[in-house]
Amino acid sequence: MRPTGAFPSIRMRRMRRDDFSRRLMREHVLTADDLIYPVFVLDGSARSEAVPSMPGVERVSIDRLLKVAEEAVALGVPALALFPVIDAAGKTEGAEEAWNPDGLVPRTVQALKARFPELGVITDVALDPYTSHGQDGLIDPADPRGYVMNDETLEALAKQALCHAQAGADVVAPSDMMDGRVGRIRAELDAGGHIHTRILAYSAKYASSFYGPFRDAVGSAGNLGKGNKYTYQMDPANSDEAIREVALDIAEGADMFMVKPGMPYLDIVRRVKQELEVPTYVYQVSGEYAMLKAAAANGWLDEKACALEALLAFKRAGADGILTYYALDAARWMKAGA
Ligand code: PBG
């Protein structure tokens, strides 16, 4: 719609003059329904560890996670996304712990679903918490550059996803960026009778430097060392490629589609929603959270106002939901009438 008139008969500020008219013309709203809370879980009990690069975020044992889950339910946050912290002893070249039915993730899923059946539980499907080399897939022993093998990794991911579904996960979320993984996982879930388990595909996942604090949180940074994920995660220079990635995941049977990171990639969120018309999600990643926290801690930004503005911007760009470490804070702020 182009303006059909001009100043002074047209005055854009008229509608901005009072609160009632600002509210009436507001196009987008953020509510607790839009939020997914990512959490880091540890083995043991009564354990909490701070993550220094993510103030306000803790790695917690299952008993403590149940209290977090209770809060999420009370605040109306629909789902948690689980990320396990695996000790060094559980990490191997072949990531076998990733599909151990008695592993940390299946036990966490069972505990959450038993206590809060109405809370959505999303599990991450990727091998990086479990590999001694910190890559998301299996590496080729014959390749001096440590190439991550695609098709061999698919078999591991299928086992991991099935293990999560058997434990009761509502949504499995492949974040590994192997080709064909959504189709392979869908087939495995269906063959196992898990036709209702949803797939949230990290379809447009970029090889971003904004993941640094997350790798500290799950303890994969040291394992990855100077390694990178350029041979499977997307080049930040590309946009059309994201559309192809999402289109492939639609064809392979995913239910929900993620763009990651968030704020530097709002154009991608917009294109995915507008061009492909699918349920679109965005991940406000650890580095984005750390930036806001650091500026707020210095008194340079108003944390609440900036965090809520960033989350609303995701909605405006076209996101149907947002994974954010601010989920509980944002829900609390909104409840208090921020
Ligand atoms: C890996 C994974 C990553 C994140 C979620 N899952 C990091 C990576 O690809 O190395 C990052 C999330 C964040 O930065 O908040 N499967």
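Me: What does the polar side-chain atom of Asp128 lie 3.0 Å from?
Reply: In this predicted model, a polar atom in the side chain of Asp128 sits 3.0 Å from a nitrogen atom of the ligand.

Me: And Ser175, how far is its side chain from a ligand nitrogen?
Reply: An N or O atom in the Ser175 side chain is 2.9 Å from a nitrogen atom of the ligand, while for Lys205 a polar side-chain atom lies 2.9 Å from a ligand oxygen atom.

Me: How much of the ligand does the protein bury?
Reply: The protein buries 100% of the 400 Å² that the ligand exposes when taken alone.

Me: Which residues are closest to the ligand?
Reply: The ligand is surrounded by 18 residues, of which the closest are Arg215, Lys229, Lys260, Ser286 and Tyr325.

Me: What span should α10 have, and what do its end C-alpha atoms give?
Reply: With 12 residues (286-297) at 1.5 Å a residue, α10 should span 16 Å, and its end C-alpha atoms are 16 Å apart, so the two values agree.

Me: Which residue with a positive phi follows α10?
Reply: That residue is Gly299, which follows α10 and has a positive phi near 75°.

Conventions. Residues numbered from 1 in each chain as written. Predicted model: local features only at pLDDT ≥ 70, side-chain atom pairs only at ≥ 80, totals over all residues. Heavy atoms only, no water. Helix = DSSP H or I, 4+ residues; strand = E, 2+ residues; numbered from the N terminus. Expected span 1.5 Å × (residues − 1). Near = heavy atom within 4 Å. Polar contact = N/O pair within 3.5 Å; in protein donor to acceptor, adjacent residues only side chain to side chain. Areas by Shrake-Rupley, 256 points an atom, 1.4 Å probe, with all protein chains shown as cover.
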